[in-house]
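Q: Please take a close look at a single part of this model and describe its surroundings in one connected account.

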Amino acid sequence: MDMITTTDALSAACERMARHSFVTVDTEFLRETTFWPKLCVVQLASPDEAIVIDALAEGIDLKPFFDLMVDEKVLKVFHAGRQDIEIVWHLAGVIPHPVFDTQVAAMVLGHGDSISYDQLVQRLTGHVLDKSLRFTDWSRRPLSVAQITYAEADVTHLRDVYLKLDADLTRRNRHDWVSEEMAVLTSPDTYRQEPETAWERLRSRVRKPRELGVLMEVAAWREREAQGRDMPRSRILKDDAIGEIASQQPTTPEKLAQLRTIPKGFERSRAGEQIIEAVNAGLARDPKSLPRFERDKPLSNGASATVELLKVLLRMTSEQHGVAAKILATVDDLERIASDDEADVPAMKGWRRDLFGERAVALKAGRLALAMQKGRVIAVPRETPAA
């Protein structure tokens, strides 16, 4: 098939797509050498057709595609769609809506934790996908017939997967469960990458409030540099280097040069000067203005045993209801529930609380016991708590 390379052809195709209740969506992009993903190809499929769009074609305007992404009458179906949605957000400033993620739906229906696309296709349709072109250079032109066919197949198989998952969700009355999960996927906060919050992904690298102030300033500097120069963060400054700078707090080029994670001569560069400025700014921060510095507290012996019991309950609940354990609760959820019956974690909210959270609290309180029956773990209600 030929790729769409003009705005007129794209507009006509998207107009046809908009007549349907859903379209499947996938993208091919490059990100190895840039901060922002470079969109190369867009694939769409409706129940009637499939199209492949050359996002790099000279003069093409992707506005018809972006308009389709926010058409409330058309459900947009992705598999593990976070990066695809991020691309739309970055290029057009809009979030696709409404959306359906087949990876999330598969977890809700018990197909395992974060199942891959090719595994899901094979399990639901019997087709074995050829993934030999997975790591091809999608920015090179012209694309081969094999590349275009590969790109098209991703959305045509996704169409079949969606229809099977949708039918199973209807049969098991779990559409609302998936809808709850889409709230995070369609929130702009999920995709905003503000320099002021860049430190949050590195917070485990510091142990003292004074270090935190430096970490916040240096991480913000790196984020601004990476975004402004469109380069991966690691090419600006590696995470290990930021952690060492936060702990050692070098305030002169000589002290910066002594750090093992800093390349030779880096301290004399413009970036070296700016890092020292960031360190000084971090040290000058009012400690009262810093986010509350919370250290991870080791679990008590009793809490550790409770977590192990909750893990058994989680696995039992997962198997009993055919839901992936990972989407029900994380280990962090379990640790916090072990210490607090009203822990502010996903496992204690919405459908997860109904399925698992309430039972977890009952187990802690002795109102529920775990037992073995015919080689399987079962939950046994108790009328009175254990003494």
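Which residue is the bridge partner of V77 in β5?

A: The bridge partner of V77 in β5 is F100. The model is a predicted one, in which local features need pLDDT of at least 70 and side-chain atom pairs count only at pLDDT 80 or more, while totals for chains, interfaces and linings use all residues. Residues are numbered from 1 along each chain as its sequence is written, and side-chain values use heavy atoms, with hydrogens and water left out.

F100 lies in strand β5, which spans residues 99–101; strands here are DSSP runs of E with at least two residues, helices are runs of H or I with at least four, and both are numbered from the N terminus. β5 pairs with β4 in the parallel sense over 3 bridges, where pairing requires that DSSP find at least two bridges between two strands.

F100 is buried, because its relative accessible area is 6% (buried means under 20%, exposed over 50%, partly exposed in between, with a 1.4 Å probe and protein chains only). Leaving aside residues up to four places away in sequence, F100 touches L75, K76, V77, F78, A105, Y162, L165, L169, V178 and M182, contact being defined as heavy atoms within 4.5 Å.

Strand β4 (residues 75–78) is covered on both faces: L75 and V77 on one side, and K76 and F78 on the other, are all buried. In a regular strand the side chains alternate between the two faces of the sheet. β4 also pairs with β1 (residues 22–30), in the parallel sense and over 3 bridges; there, V23 stands opposite K76.

These strands belong to an open sheet of 5 strands in the order β3-β2-β1-β4-β5, with mixed pairing. Its edge strands are β3 (50–54) and β5, each of which pairs on one side only. Neighbouring strands of the sheet are turned by 25° against each other on average, direction ignored.

Helix α6 lies across β1, β2 (38–45), β3, β4 and β5, and runs at about 140° to β1; axes are lines fitted to C-alpha atoms, for helices over the stretch in contact, and angles run from 0 to 180 degrees between N-to-C directions. The axes of α6 (residues 145–172) and α5 (residues 117–125) come within 10 Å and cross at roughly 55°. Among the α6 residues in contact with α5 is L165, a residue that F100 also touches.
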